[in-house]
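Colleague: I would like to learn how to read aromatic rings in a protein model. Please show me the structure before we start.

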Amino acid sequence: MPFATARTVSLHGAVGHLIDVQSDVSPGQPGLTMVGRPDATLQEGRDRCRMAIINSRLVWPTTKRITILLSPADLLKSGTHFDLAIAVSVLAADGGVPKSMLAGTAFVGELTLDGNLRSVTGVLPMVLAAAERGVRRVFVPEPQASEAAMVPGMEVFGMRSLAQVVAELRGDEVPEAPPVAPMSGARLLSWRGEERLEETDMSDLLGLADVRYAVEVAAAGSHHLLLSGPKGAGKTSVAERIPGILPDLTRTESLELTALHSLAGILDPGQGMVVRPPYSAPHHDASKASLIGGGRGQVRPGEVSRAHGGVLFLDEFPLFRSDVIEALRQPLESGDVTIARQEESVTLPARGMVVLACNPCPCGNYSSDPGTSRCNCRAPQLRDYRAKVTGPVADRVDIVRNLMPLTRADRGDRLVVPESSAAIRERVAAARLRQAERYAGESWGLNGHAPGPVLRERWPLPLPAQQMIDDEIYDGRLSRRGGTRVHRLAWTVADLRRRDQPGSAEVAVALRLRTGDPLLLDMLERAS
């Protein structure tokens, strides 16, 4: 029977769909027809596969009619990684490869005209999707074999050429082939600018006791944070030190983030799985597509997804374009981002801490004291600038802190060495462990991700503590959304204090964290 099926994976965002590449080679007018909603990239792949087979000294059925179906046929397919599966299925249908060797196997890789393989993006999420659907063997380009091997129980073959793949399937001696070039080094290095952050530590920050505590609470519960203050107050310095107080990613978080980096084409397979929380700080002129995700062809994750499980720092937040700021509503609220196109809708995870920073005015010299203010901003500029800070995006931020530069009165703090990032990280890790135990079996594991209705129903506050939040809402000082965020913050404060349930004291701290009021010294005391 002149028919064979090879399997590969089609990616839609971070979700993979197993695709049957079915080839039929029958007598008839010579030609090749590909059906099953292939895009232009796949249509071009027909010629790549034909020349790759011929130049690999294999037999292309030139005198027969070839029909290729990409099943399921109603799913839009895109990408050059289909090449290897197409070539193998045609060869198997024509008797060049044993069909029995294709069972339980997936093929991923782009072919060149001389039959060599090229690396492609998204190998890890592809292999994950294949493993979930019973595939236990996969052929990938050699540089990405270590990436595919991150999936437990998967037998991985890293190959250099189509001839090597065919020889392995036939049981023949595998021929030599030139090495496969890895992904572009420039794209990998674009995400590797974090080395200098390893040299920063929270002990470098003098004073700022309430800010340091607020950052600790934010890190413990993965709460969003807004830092405001004049130039030189230390907003960027604080944000850059947050990754240092975050514990290593869990196994699930690490696998999700590594898959996202693979999909974005910024994963270095030689580094293994991503285990440390990422840090991203895009410039304020970044486009919506670069921050949220998008692009032509296959959807690529934006900065908000690349920082999944870590920190996304948006300095000079009011200077970002209005469409970018509005697009942040969904990831701030739900922890994911949906990119809708004409023919597809892709949802990507984005559960990272979002840290916003802003000056009091566009020039950064504004002061509430007319005698010391050196601001030269016009009233319309000041109004538009502040509107972005107080708008609906800012309402989705959990913690607000105002930083001020050190003064002469703060000199005494220089004699006290602040806590190190390692000491704070231990408390953050312990608080996160309490949350993981409390939310065991749920789809979330941190207070900042807990749905409000479920939190109120299953983990309510004592009546006096809840009454404190209700009073703020009824008096108009707090929105309903803000009340939910105070509820989450109260649980995080309680977790840091090793309390079984938050009470009025924890809610009082949470309210001040939410509203930006200074924290009192007694509020900063932690139970031993």
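Colleague: Which residues do ring pairs link into a cluster?

Modeller: This is a predicted model. In it, ring pairs join Phe107, Phe139 and Phe157 into a cluster.

Colleague: How is a pair of aromatic rings described?

Modeller: Two values are used, the distance of the centres and the angle of the planes. The structure has four aromatic pairs. One of them is Phe107 with Phe139, whose centres are 5.2 Å apart with 15 degrees between the planes. Planes under 30 degrees apart count as stacked, and this pair is stacked.

Colleague: Which parts does the pair of Phe107 and Phe139 tie together?

Modeller: Phe107 belongs to strand E5 (residues 105–107) and Phe139 to strand E8 (residues 137–141), so the pair connects parts that lie 32 residues apart in sequence.

Colleague: Are Phe107 and Phe139 buried or exposed?

Modeller: Phe107 and Phe139 are both buried. In the protein, buried residues make up 52% of the 528 residues.

Colleague: Is the pair of Tyr439 and Trp444 stacked or tilted?

Modeller: Tyr439 and Trp444 form a tilted pair, with 5.9 Å from centre to centre and 55 degrees between the planes. Tyr439 and Trp444 are both buried.

Colleague: What sits over the ring of Tyr439?

Modeller: The charged end of Arg438 does, 4.9 Å from the centre of the Tyr439 ring.

Colleague: How many helices and strands does the protein have?

Modeller: The protein has 20 helices and 18 strands. Among its contacts with a separation of 6 or more, 73% are between residues 24 or more positions apart.

Note on methods: Residues are numbered from 1 along each chain as its sequence is written. This is a predicted model: local features need pLDDT of at least 70, side-chain atom pairs count only at pLDDT 80 or more; totals for chains, interfaces and linings use all residues. Side-chain values use heavy atoms; hydrogens and water are left out. Rings of Phe, Tyr and Trp (its six-membered ring) pair if their centres lie within 6.5 Å; planes under 30 degrees apart count as stacked, over 60 as edge-to-face and the rest as tilted. Helices (H or I, at least four residues) and strands (E, at least two) are DSSP runs, numbered from the N terminus. Buried means under 20% relative accessible area, exposed over 50%, partly exposed in between (1.4 Å probe, protein chains only). A charge sits over a ring if NZ of Lys or CZ of Arg is within 6 Å of the ring centre and within 35 degrees of the ring normal. Contact means heavy atoms within 4.5 Å.
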